[in-house]
Amino acid sequence: MSALLANARVVAELGRRSVRQTARRPQLASPLVIFPTLLLAVQVGGAGRAVDLPQFPEVNGFLDFMLAGAMVQACLMAGNSGAIAFAIDMEMGFTDRLMAAPISRFAIVLGRLAGTAMLGAFLAVYFIALGLIFGAEIQEGVLGAIWIVVVVAGSAVAFGAIGVSIALRTGTASVVQGLFPLLFVILFLSNAFFPTNLLLEPSATVAEYNPLSFIVDGLREPIVAGFSATDSLAALASVAGFTALGLALCAAAIRARAMRGG
Amino acid sequence: MPAIETEALAREFEGGIKAVDGVDLEVAEGEIYGFLGPNGAGKTTTVRMLTTLLRPTDGRARVAGYDVVEEAPQVRRSIGVALQEAALDPLMTGRELILLQAALHAVPRDRATALASSLLEWVGLTRAADRRVGTYSGGMRRRLDLASALVHSPRVLFLDEPTTGLDPVSRQAIWREVENLNREGTTIFLTTQYLEEADQLADRVGIISAGRLVAEGTPAALKAQVGRPHLEVSLADEDGQHAEEVLARFGKPLPARDGKLLVQLEHGASEVAPVVRALDEAGLAVESLDLVQPTLDDVFVAKTGQHLEGDEDTGEQEALPEAEPAE
């Protein structure tokens, strides 16, 4: 078996393990569904008349507008949850078992991220289904739904990679868990829950350049209006940028870890 | 070619802490090498370097003929590793863990399933194979860990404190499995803090203290270095001085301990019967008489001035509240 195929098999096996782990540890998986759903329900129920504001983008309903934000919130949490699970593996020594095997150490990271991608895809399907049940419409139809699943899964991988790099650096789940509030702040400084043009300064400027806003736009447009080449490309670039950054940080952390051990 | 060979192997951590300080080892193919030392002596750090999990800061090491730094992938292909505390995912089943381990070592899928079943049977976990590891007892976890280290038939097996915290029955089960593996030709590098374990299993023992190898040899040779056996005599009456005079004819008197008179026998165990006769002829009633052979702890004391930690734990039961009865 070639080294590439052997590593691909390891990534698939570790991805499968990651999915099983999530399913078998409901206390980790359930918040990913429950919290974004609750926030979505509270915002749609409480601020639904925001669509009547002057200059609010033309949408079918506030739920249609909010779905993208809920999905980005969920995939941020999925990435963070995957990174916490990775750190727990390190704390209990399971990662040593993997690192003592004749595989690329990067395959261990990719295996975890494969599981995170599956979790992201599941969350995207869940929010699409939830939206459709409660009256939202996806203007771009099935193709738009597939695009959303792909972008959400990719975003979960991107955020997961950054989290895993921190897990590799610190080796402690509590530090990775501590990132969560920061992720929330960054999310609220984007256009996830309110249109940029209605935000006050300096929030509007921050949201305009916040890379999360590009991902939100890339998910929102197929729902509320239809594909926009500019928004889609910006979303892809943002996901790719986060992923590249995360993987580069992981590679550096693996090298550093090999030197210092532990 | 030795299975394991190190030259001045050293590992210094941040802050100048030397966990391993110039260790020279040579372990022959097919040998069980016991690496004995108290907690914090440098056993685990040495194993982590030999298994490529940690780079040495000085010196060099070869395992199965490969350099642990320059040829780390080849080393990993040749070794099996069961690390301290059996690092197992409690959410996986035993079978899932073996199958994952098979994937890590590129065992073909069609062979992996049959191999998992046979390994689980070998360690007596067939009935528990599809239960989550979180429900296993400590002994079952160790046996599963051992089985998982064997999926690729490694030439060299590293066992880092494989029985720490186990009850005596589980400990004996692990020992039997280690002996069986060794009979099949696997070289075993075993770290332990238990004297009995090193004595029972190891062909040769290396004693490490504060990062340095302080003694090495077969258990018998090491004990012989320390001295001859001694006799502990407890008398029914109080005529200690008279008894001391009698015992002194047979060897060097040692300081009394717990009311017992001690004498290091000049000519070893063959003098036990003459001692008994001499005490009887002197009209001294003996309450108890024990011939005490030197132990590896005596070797450790002689080399370092300290006793090994942890040996008192030998009979302790592990505390695993979630554990179910072992098979």
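Which residue in S4(B) stands opposite B:Thr6? The legends below take up this point and others in a predicted model. Local features need pLDDT of at least 70 and side-chain atom pairs count only at pLDDT 80 or more, while totals for chains, interfaces and linings use all residues. Residues are numbered from 1 along each chain as its sequence is written, and chains are lettered from A and ligands numbered from 1 in the order in which they are written.

**View 1. An open antiparallel sheet of chain B.** The sheet consists of four strands in the order S2-S1-S4-S5 (chain B); strands pair if DSSP finds at least two bridges between them. Its edge strands, each pairing on one side only, are S2 (17-27) and S5 (66-67) of chain B. Five bridges join S1 (residues 4-13) to S4 (residues 58-63) of chain B in the antiparallel sense, and B:Ala61 in S4(B) is the residue opposite B:Thr6. Helix H1 (residues 43-50) of chain B packs on the sheet and touches S1, S2 and S4 of chain B. The direction of this helix makes about 115 degrees with that of S1(B) (axes are lines fitted to C-alpha atoms, for helices over the stretch in contact, and angles run from 0 to 180 degrees between N-to-C directions). Helices (H or I, at least four residues) and strands (E, at least two) are DSSP runs, numbered from the N terminus.

**View 2. The side of chain A that touches chain B.** Contacts, defined by C-beta atoms placed from the backbone and lying within 7 Å, involve 23 residues of chain A and 21 residues of chain B. Helices H1 (3-24), H4 (94-99) and H11 (229-260) of chain A each give two or more residues to this side. The largest share, seven residues, comes from H1(A).

**View 3. The largest nonpolar core.** A nonpolar core is a set of buried Ala, Val, Leu, Ile, Met, Phe, Trp, Tyr and Cys residues joined through C-beta atoms within 7 Å; a buried residue has 20 or more other C-beta atoms within 10 Å of its own. The largest has 158 residues, and those with the most contacts inside it include A:Met71, A:Val152 and B:Phe189. Helix H3 (residues 62-91) of chain A gives the most, 20 residues. Leaving aside neighbours within four places in sequence, A:Val152 is in contact with residues including A:Met71, A:Gly120 and A:Leu219.

**View 4. A second, separate core.** This core has nine residues, among them B:Leu231, B:Leu261, B:Val263 and B:Val275. Of the 327 residues of chain B, 46% count as buried.

Methods. Two residues are in contact if their C-beta atoms, placed from the backbone, lie within 7 Å. A residue is buried if 20 or more other C-beta atoms lie within 10 Å of its own, exposed if 12 or fewer, and partly exposed in between; C-beta atoms are placed from the backbone.
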